[in-house]
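Student: I have a new structure to look at. Can you show me how to read it?

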Amino acid sequence: MRPAARRRPLGAALAPVLALLLAHAGLLATFDLAARPVVALVWLAAAGAALAWAGRRSSELSWQAILLVAAGLRLLLLPLTPTLSDDLYRYLWDGRVVGAGHNPYLLAPDAPELEPLRDALWERLPHRQVATVYPPLAMGLFSIAARLPAPVFTLKTLLSVADLASCWLLLVLARRLGVAAGRAVWYAWNPLVTLEVAGMGHVDALGVPAMLGAVALLLAAPGRRCEQRAMGGGAGAGRAIAAGAAAAAGVLVKLVPAVALPAWARLGRRPWRFLLVAGLVTAAGVLPIAASAGGLPPGLLAYGVSWEFNGPLYEPLWRLLDRLGTTPALHAGLDALKERTGEHDFWNRFYPFNYPQLHAKLLLALVLAVALVVAWRERRPVAATGRALGAAVLCSATVYPWYLLWLLPWAALGGHGAWRLLSLTILLTYLPQTTAVPLFPWLFALIWVPFWLLLVRSRWSTA
């Protein structure tokens, strides 16, 4: 029998690690990435190549080495000015509003009531006419960071610490699922992750460890070491409660992991207890907000109706529906219904919603519902979570690079090449945000066509 391979600290991947560190140092030297987007993309491409190189040599890496390099990469990008995204400044503004005793779910930054708070931070805010969309747990972190010295650097540091916790939990999950710990480098060392968390400071990094912790708790029972096993074992009562609370914490940072709650419930023997705890904790966080806003917060409504950018299915679908003439066809149908029923006032209220973008969103909502049922029926935890979150991304009208932070841990554990490739190509979306280069159709094709080809190929090969 051949002896087991000895885990080496860094010797197995020293050259690609040095290349990764050099590429991140290049990003730091570039400093204002929005002013030099092409240079930034070159450094990111170099980091992506180094990651692919490291991924092939990661099988002998120890978990200490993986975490050490992950920490070093994040430290390098902490001094970066968040110029590729303005979200961090909005976080700190919302935290300031909360600290001043105002309701950020009702008052947009342009509200007259907030005029005394305006300063240079307010001038940098995006979408000042829209109230906040961030759930209460994220808002709590914003309010803490807004009161501390050097709030931009402080908030990025707190988020980077949370992201390192995600790296550690990913290694825990790899062990419990019986997969190679080296797969974690596809998240822990991914330039998309390091850029969006340590560089740009996106709050998603706070929710990802809550998500991973929930699944780790549900998989902690003896005998659940392999993903191929049926989900009949599962967590005890205490772990189910803790997992439900952790899952709810993820939802209260961003609503994204809510789509995976039914799939996670099947991991244990007490699915209803998990769902009850997750539902109650989530309700305790969101119901006061809904009550103060008189229903759905206006910022969240504006995001759902108006936001659209880089939706992989949405972008081509609404253009196809527009070309097919769904709007005039439905318009004619509404006219016929008015004439037949005589209820003109009733049917007139539907005309403002008759446009191809909304048609596409409604169709994709149906597709997402079907995909979530399929994910719920999946009996492997990594595959079930990846399918639920992947469907949410693919059916969304808005897909920014940092949205993939929720999905990349599962792509790393599952060895899904299509999503790992997308984590690099999606960085091209920064070109239309910083230059006059349009997103659609050519950049859009460069981002998504390789992903779809690799995804179809992997599905075909495993069918």
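**Reading the fold**

Tutor: Start with the whole chain, in a predicted model. Buried residues make up 50% of the 463 residues in the protein.

Student: What is the secondary structure of the protein?

Tutor: Count the helices and strands. Here there are 23 helices and 0 strands. The radius of gyration is 23 Å, close to the 23 Å that the globule rule gives for 463 residues, so the protein is as compact as a globular protein of that length. Its C-alpha atoms fill a box of roughly 85 × 50 × 45 Å along the principal axes.

Student: Which residues of H11 are buried?

Tutor: An α-helix has 3.6 residues a turn, so residues three or four places apart point the same way. In H11 the buried residues include Ala240, Ala243, Gly244 and Ala247. The run from Ala246 through Ala247, Ala248, Ala249 and Gly250 to Val251 is buried too.

Student: What covers the buried residues of H11?

Tutor: Look for contacts from other elements. The cover includes helices H6 (136-147), H10 (204-218), H12 (261-265) and H13 (271-293).

Student: Where is Ile144 found, and why does it count as partly exposed?

Tutor: Ile144 sits in helix H6. Its relative accessibility is 47%, so it counts as partly exposed. With Leu148 and Leu158, Ile144 forms a nonpolar surface patch of about 240 Å² of accessible area together.

Technical notes. Residues are numbered from 1 along each chain as its sequence is written. This is a predicted model: local features need pLDDT of at least 70, side-chain atom pairs count only at pLDDT 80 or more; totals for chains, interfaces and linings use all residues. Side-chain values use heavy atoms; hydrogens and water are left out. Buried means under 20% relative accessible area, exposed over 50%, partly exposed in between (1.4 Å probe, protein chains only). Helices (H or I, at least four residues) and strands (E, at least two) are DSSP runs, numbered from the N terminus. Contact means heavy atoms within 4.5 Å. Patches are made of residues with over 30% relative accessible area and no salt bridge: like charges are joined within 9 Å, nonpolar side chains (Val, Leu, Ile, Met, Phe, Trp, Tyr) within 5 Å. Accessible areas come from the Shrake-Rupley method with a 1.4 Å probe; for residues, only the protein chains shown count as cover. A salt bridge is a side-chain nitrogen of Lys or Arg within 4 Å of a carboxyl oxygen of Asp or Glu. The radius of gyration is taken over C-alpha atoms; the globule rule is 2.2 Å times the number of residues to the power 0.38.
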